[in-house]
Amino acid sequence: MKDKKLERFIKAEIKRQGETLDLIASENLVSAEILKVLGSPLTNKYSEGYPGKRYYPGNFYYDEIEKLAQERALKLFGLSPKQWQVNVQPYSGSPANFAVYAALVPQGGKIMGMKLASGGHLTHGHPVSATGKFWQSFQYGVDSQGMINYEEVKKLAKKFKPNIIVSGFTAYPRKVNFKKFGEIAKSVGAYHLADISHIAGLVASKVHPSPFPWADVVTTTVHKTLRGPRGAIIFSRKELSSLVDRAVFPGLQGGPHNHVTAAMALAFFEASQPEFKKYASQIVKNARALAEALKKLGFKLSTGGTDNHLILLDVRGLRLDGMTAEKKLEKVGIIANRNSLPDDTSPFKPSGIRLGTPALTTRGMKEKEMKEVASLIFGALTNEVNIKTRVKKLCQRFPAKSLPKI
Ligand SMILES: Cc1ncc(COP(=O)(O)O)c(C=O)c1O
């Protein structure tokens, strides 16, 4: 590369990814083939519009690629094209959610999602997000154990009468009862948006119940458990799909990122292979093993455990707060983010750490290694020596094979 300055940063980042344990629940390591497609000349083309209806010429192959991504996405989640349509153009999860509200909620209408501090996403109506500014937002939380109280959600829905109810979360370690959310939405005449960004890979592999029978619209990022490129897709019931398509383009976006669309098509192909199903169920086995090992070391976990890919670790038992714990972990090469716990009083000083197993599972780690990871986390937080060396050794034993050689 001619630009040595930038090259140095990229090489250093590749080294960092190889030598650290990535426990960020929303991250993963894509295949070498996906990286190749992302770096392909498909990035050179403008394709505003949809297949067969583009605003520029020269789009024959992009039409085919976009249709392929759509077909594969529907098939992956077992959806009939007669009932569902999928838009594969959203640049990422946040614009995808925004597009859904723009399509289905009138200006100044009401959205109801989970609070950020309880595990919801900013785009579920947080006041600092445009979604909480352009629409009226009413939010539900979790109980003192960290669980969703569906009766409470129902009560709030009856009181606020939202136009749309959002299920699906950023930091919720338990199974989501999409059926209940669907019934609540129906009972108040609201749409049900299931945002499965975090658990899409688990849903596609049937290790988490599907929201589709109970939702009107389903959004997901492609880059988390689904292990694809950074981007998002929106599934909508056929009768809503032209509203959603128009909200994405021309409502919010210009040209789709064709290299990403192609990489999505590849990710959906990869996720439809039998190995991926094994991978997804190993993510959950690993999260359970990690949770058990952490509990044995004396840690408390929000909700007492996990059903999916993530764990909310309470670090107060070690007289730490989430920020200090995050820094201690980073120092030894364990990358995980601070997170609020249900009984936290200040969002600025969270007491927890969110841990996720998708990336470590991609590296081939299993239950045995999760015990080692728990011991490394404990060691890092209690200032044991040699943790950094042990982290590096574990990384060397389970190399991130898809990373380019440097
Ligand atoms: C549930 C959920 N929805 C939406 C998003 C937003 O995705 P993005 O960061 O790609 O905009 C996230 C990101 O973490 C998420 O967890």
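Good morning, colleagues. The structure is a predicted model, in which local features need pLDDT of at least 70, side-chain atom pairs count only at pLDDT 80 or more, and totals for chains, interfaces and linings use all residues. Residues are numbered from 1 along each chain as its sequence is written.

Let me begin with the domains. The chain is divided into domain 1, residues 34-271, and domain 2, residues 277-397; these bounds come from an automatic or database domain assignment. Their centres, taken over C-alpha atoms, are separated by 28 Å. In domain 1, 20 residues are in contact with 23 residues of domain 2, contact meaning that the C-beta atoms of two residues, placed from the backbone, lie within 7 Å.

I turn now to the sheet. It is an open sheet of 7 strands with mixed pairing, in the order S4-S10-S9-S8-S7-S5-S6. Strands here are DSSP runs (E, at least two residues), as are helices (H or I, at least four), numbered from the N terminus; two strands pair if DSSP finds at least two bridges between them. Strand S4 (84-87) and strand S6 (136-140) stand at the edges with a single partner strand each, so one side of each has no neighbour in the sheet. On average, neighbouring strands of this sheet are turned by 20° against each other, direction ignored. Angles in general run from 0 to 180 degrees between N-to-C directions, with axes fitted as lines to C-alpha atoms, for helices over the stretch in contact.

Which strands pair with S9, and in what sense? Strand S8 (residues 191-195) runs parallel to S9 and is joined to it by 3 bridges; here alanine 194 has valine 218 as its bridge partner. With strand S10 (residues 232-237), S9 pairs in the antiparallel sense over 5 bridges. Across that pairing, valine 217 stands opposite serine 236, and threonine 220 has isoleucine 233 as its bridge partner.

A residue is buried if 20 or more other C-beta atoms lie within 10 Å of its own, exposed if 12 or fewer, and partly exposed in between, with C-beta atoms placed from the backbone. Val217, Thr219 and Thr221 point one way from S9, while Val218 and Thr220 point the other way. Thank you.
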